Amino acid sequence: MEISEDIDLKKVGLELMFLTPEKCQRPEGISAVELAKCLDMPIDTVKKKLKILLDREIIRVYGINPKLWKFDEYKFQKMDEEDDVYRLLCNFDDVDFDRYFSFN
């Protein structure tokens, strides 16, 4: 599957991108297990997608057991705009923002 069409990668990336401190149990980020539960996705799928994002250096990992994942806004802004992952995460055509924000 091409990255530009990887819906699971987009879900994981956007969830981390819009993850607020109020949604995390720890300020360092969210565990893969918590993320999988939140997205209703198999843990193995989430871990594979986290690896892709980590390889692109747009997420950071803290700790060992459990590893905590956090989006790196600075590195994301410095990414090449032609990068497949960057373009995937910036395509908001099919994104329901109500999932990430409450507009009260």
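How many bridges join β2 to β3? Four of them, and the two strands run antiparallel. Keep in mind that this is a predicted model.

## The sheet

Those two strands belong to an open sheet of three, ordered β1-β3-β2 and paired antiparallel. The edges are taken by β1 (30-31) and β2 (59-62), and each has just a single partner strand, so one side of each goes without a neighbour in the sheet.

On the β1 side, two bridges tie β1 to β3 (residues 68-71), again antiparallel. If you want a residue pair to click on, Ser31 has Leu68 in β3 as its bridge partner.

Helix α3 (residues 43-55) sits across β2 and β3, and the helix runs at about 110° to β2.

Helix α3 also meets helix α1 (residues 7-17): their axes come within 9 Å and cross at roughly 70°. Since angles from 65 to 115 degrees count as roughly perpendicular, α1 and α3 are therefore roughly perpendicular to each other. From α1, the residues involved are Asp8, Leu9, Val12, Gly13 and Leu16, and they meet Thr45, Val46, Lys49, Leu50, Ile52 and Leu53 of α3. Sorted by class, that contact has seven nonpolar, two polar and two charged residues.

How much of α1 is covered? Most of the helix is, with eight of its eleven residues buried. The buried set is Leu9, Lys10, Val12, Gly13, Leu14, Glu15, Leu16 and Met17. Leu9, Val12, Gly13 and Leu16 turn up among the residues that meet α3 too. At the start of the helix, Asp6 gets a side-chain oxygen to within 3.3 Å of the backbone nitrogen of Asp8.

What does Lys10 touch, not counting residues up to four places away in sequence? The list is Leu88, Leu89, Asn91, Asp94 and Val95.

## A loop residue: Glu57

Glu57 is found in the loop that leads from α3 to β2. Is Glu57 buried or partly exposed? Its relative accessible area is 47%, so the residue is partly exposed.

Leaving aside neighbours within four places in sequence, Glu57 is in contact with Asp72 and Lys75. Lys75 is 18 residues apart from Glu57 along the chain, and the C-alpha atoms of the two are separated by 6.8 Å.

Definitions and conventions. Residues numbered from 1 in each chain as written. Predicted model: local features only at pLDDT ≥ 70, side-chain atom pairs only at ≥ 80, totals over all residues. Heavy atoms only, no water. Pairing = 2+ DSSP bridges. Helix = DSSP H or I, 4+ residues; strand = E, 2+ residues; numbered from the N terminus. Contact = heavy atoms within 4.5 Å. Axes fitted to C-alpha atoms, helices over the stretch in contact; angles between N-to-C directions. Parallel < 35°, antiparallel > 145°, perpendicular 65-115°, else oblique. Nonpolar A, V, L, I, M, F, W, Y, C, P; charged D, E, K, R; others polar. Buried < 20%, exposed > 50% of the residue type's maximum accessible area, 1.4 Å probe, protein only. Polar contact = N/O pair within 3.5 Å; in protein donor to acceptor, adjacent residues only side chain to side chain.
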